[in-house]
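Here are my notes on this model, as numbered points. Please read them with the structure open.

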Amino acid sequence: MTTMRFFAAARAAVGQDETTVDATTLDAALRSVTAADPDRWTALQERCSYLVDGVTTRDRSTALDGVATVDVMPPFAGG
């Protein structure tokens, strides 16, 4: 199981700070999230960066085997 933590606009779209998923890839994990605002969540995923156990990626095919935490990081003001 992997804990997904949501920040800023991602937290607003999903409607919670974190959730636990059982997925083999980042893409599968993102698709498994039940969002409070599904349209916003779907659109936002394309602009996010992801920290997979502290390593930045945008590659949604990244394997999650043995991964404890994925941080979902939308673009922030000024960056």
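1. Start with the core. This is a predicted model. Its largest nonpolar core holds 21 residues. Met4, Phe6, Leu30, Trp41, Tyr50, Val70 and Val72 touch the most other members. Six elements each supply at least two residues of this core: strands E1 (2–6), E3 (49–52) and E5 (69–73), and helices H1 (9–14), H2 (26–32) and H3 (38–45). As background, nonpolar side chains tend to be buried together in soluble globular proteins.

2. What is Val72 in contact with, leaving aside its neighbours within four places in sequence? The list includes Met4, Arg5, Phe6 and Phe7. Ala10, Leu30 and Trp41 are on it too. Cys48, Ser49 and Tyr50 are also in contact with Val72.

3. Now the overall fold. The chain has 3 helices and 5 strands. Along the sequence, they follow the pattern β-α-β-α-α-β-β-β. The radius of gyration is 11 Å, close to the 12 Å that the globule rule gives for 79 residues, so the chain is as compact as a globular protein of that length. The C-alpha trace spans about 30 × 25 × 20 Å along its principal axes.

4. Take the contacts in the chain with a separation of 6 or more: residues 24 or more positions apart account for 50% of them. Of the 79 residues, 37% count as buried.

5. Check Thr20, in strand E2 (residues 18–21). Leaving aside neighbours within four places in sequence, Thr20 is in contact with Met1, Thr2 and Thr3. Thr20 and Met1 are 19 residues apart in sequence, yet 6.4 Å apart in space, C-alpha to C-alpha.

6. Two backbone angles deserve a look. Ala8 has a positive phi, near 50 degrees, and is not a glycine. Ala8 lies in the loop between E1 and H1. At 38% relative accessibility, Ala8 is partly exposed. Asp53 is not a glycine either, and its phi is positive at about 50 degrees. Asp53 sits in the loop between E3 and strand E4 (55–57). With 42% relative accessibility, Asp53 also counts as partly exposed.

Key: Residues are numbered from 1 along each chain as its sequence is written. This is a predicted model: local features need pLDDT of at least 70, side-chain atom pairs count only at pLDDT 80 or more; totals for chains, interfaces and linings use all residues. Side-chain values use heavy atoms; hydrogens and water are left out. A nonpolar core is a set of buried Ala, Val, Leu, Ile, Met, Phe, Trp, Tyr and Cys residues joined through side-chain atoms within 4.5 Å. Buried means under 20% relative accessible area, exposed over 50%, partly exposed in between (1.4 Å probe, protein chains only). Helices (H or I, at least four residues) and strands (E, at least two) are DSSP runs, numbered from the N terminus. Contact means heavy atoms within 4.5 Å. The radius of gyration is taken over C-alpha atoms; the globule rule is 2.2 Å times the number of residues to the power 0.38.
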